[in-house]
Amino acid sequence: MVIVIGSNFGYAVLAAVGITLQCFATAVSITGARKKYNVNYPDNGGGRYSDKLSDEDWVAFNNIKRTSDNYLEQVGMVLVALVLAGLYQPKLAASFGAVYIVGRFAYTRGYVAGGADRGVSMALRSWASASLPWLSLLATTLLPPLFLLDRFFGMFS
């Protein structure tokens, strides 16, 4: 089977680059939080340095850290699914990627703020990240046989 990368695949790549940059920016925010709350390495919010924080500061630091950890837990799956889906449906995959970016931004802002208005942003992000694997599965397993049937037998023409 030959995979032909269409001219619209750049949209999926652009969405993947956006997700990567956003993940990097989320990770960089931890550096600022470490300085602000004086939590040095290798403490991840549960060690000697964070023991000296007030309860409010500990929660604030851990909320920032958790948003980055949560992003890192998902970014691999999301990028792989985005690229695979983008091979067959690049504009649709890029659209899901854009929804994921917006949902992730809103989720991070809400989580850092203490959980206010996290529900809608979490639903957007979850919908987009759950849809991409299904789209890639559909695109890589069901659509190629249909295209072959159409090419050889003209079934859908």
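Buried residues are those under 20% relative accessible area, exposed residues those over 50%, and partly exposed residues those in between (1.4 Å probe, protein chains only). By this criterion, buried residues make up 37% of the 157 residues in the protein. The model is predicted: local features need pLDDT of at least 70, side-chain atom pairs count only at pLDDT 80 or more, and totals for chains, interfaces and linings use all residues. Residues are numbered from 1 along each chain as its sequence is written, and side-chain values use heavy atoms, with hydrogens and water left out.

The protein has 4 helices and 0 strands. Helices (H or I, at least four residues) and strands (E, at least two) are DSSP runs, numbered from the N terminus. The order of elements from that terminus is α-α-α-α. Contacts are heavy atoms within 4.5 Å. Of the contacts with a separation of 6 or more, 69% join residues 24 or more positions apart. The accessible surface comes to about 9500 Å². Carbon and sulfur atoms hold 66% of that surface. Accessible areas were computed by the Shrake-Rupley method with a 1.4 Å probe; for residues, only the protein chains shown count as cover.

The interior was examined next. A nonpolar core is a set of buried Ala, Val, Leu, Ile, Met, Phe, Trp, Tyr and Cys residues joined through side-chain atoms within 4.5 Å. The largest such core has 12 residues. Its members are Ala15, Ala16, Ile19, Cys23, Tyr71, Val75, Val78, Leu82, Ala85, Ala93, Ala94 and Tyr100. Helix 1, helix 2 and helix 3 (90-112) each supply at least two residues of this core. Helix 2 gives the most, with 5 residues. A second, separate core has 8 residues, among them Ala33, Leu53, Phe61 and Ile64. In soluble globular proteins, nonpolar side chains tend to be buried together.

Gln22 is placed in helix 1. Gln22 counts as buried because its relative accessible area is 15%. Not counting residues up to four places away in sequence, Gln22 touches Tyr71, Ile101, Arg104 and Phe105. Tyr71 is also a member of the largest nonpolar core. Gln22 and Tyr71 are 49 residues apart in sequence, yet 9.3 Å apart in space, C-alpha to C-alpha. Gln74 lies in helix 2 (residues 55-88). The relative accessible area of Gln74 is 17%, so this residue is buried. The side chain of Gln74 makes a polar contact with the side chain of Tyr100, at 3.1 Å. A polar contact is a pair of N or O atoms within 3.5 Å; within protein, one must be able to donate a hydrogen and the other to accept it, and residues adjacent in sequence count only if both atoms are side-chain atoms. Tyr100, like Tyr71, belongs to the largest nonpolar core.

Charge pairing was then searched over the whole structure, which gave 2 salt bridges. A salt bridge is a side-chain nitrogen of Lys or Arg within 4 Å of a carboxyl oxygen of Asp or Glu. Side chains of opposite charge can pair when their charged atoms come close. Asp69 forms a salt bridge with Lys65, with the closest N and O atoms 2.9 Å apart. Both residues lie in helix 2, 4 residues apart, about one turn of the helix. Asp69 is partly exposed, at 25% relative accessibility. Lys65 is buried, at 11%. Glu73 and Arg66 meet in a salt bridge through their side chains (3.1 Å, N to O). Glu73 is exposed, with a relative accessible area of 53%, whereas Arg66 is partly exposed at 31%.

Val17 lies in helix 1 (residues 9-37). Val17 counts as partly exposed because its relative accessibility is 41%.

The peptide bond from Tyr41 to Pro42 is cis, with omega near 0 degrees. Asn38 is in the loop between helix 1 and helix 2 as well. Phi of Asn38 is near 55 degrees, a positive value in a residue other than glycine. Asn38 is exposed, at 52% relative accessibility.
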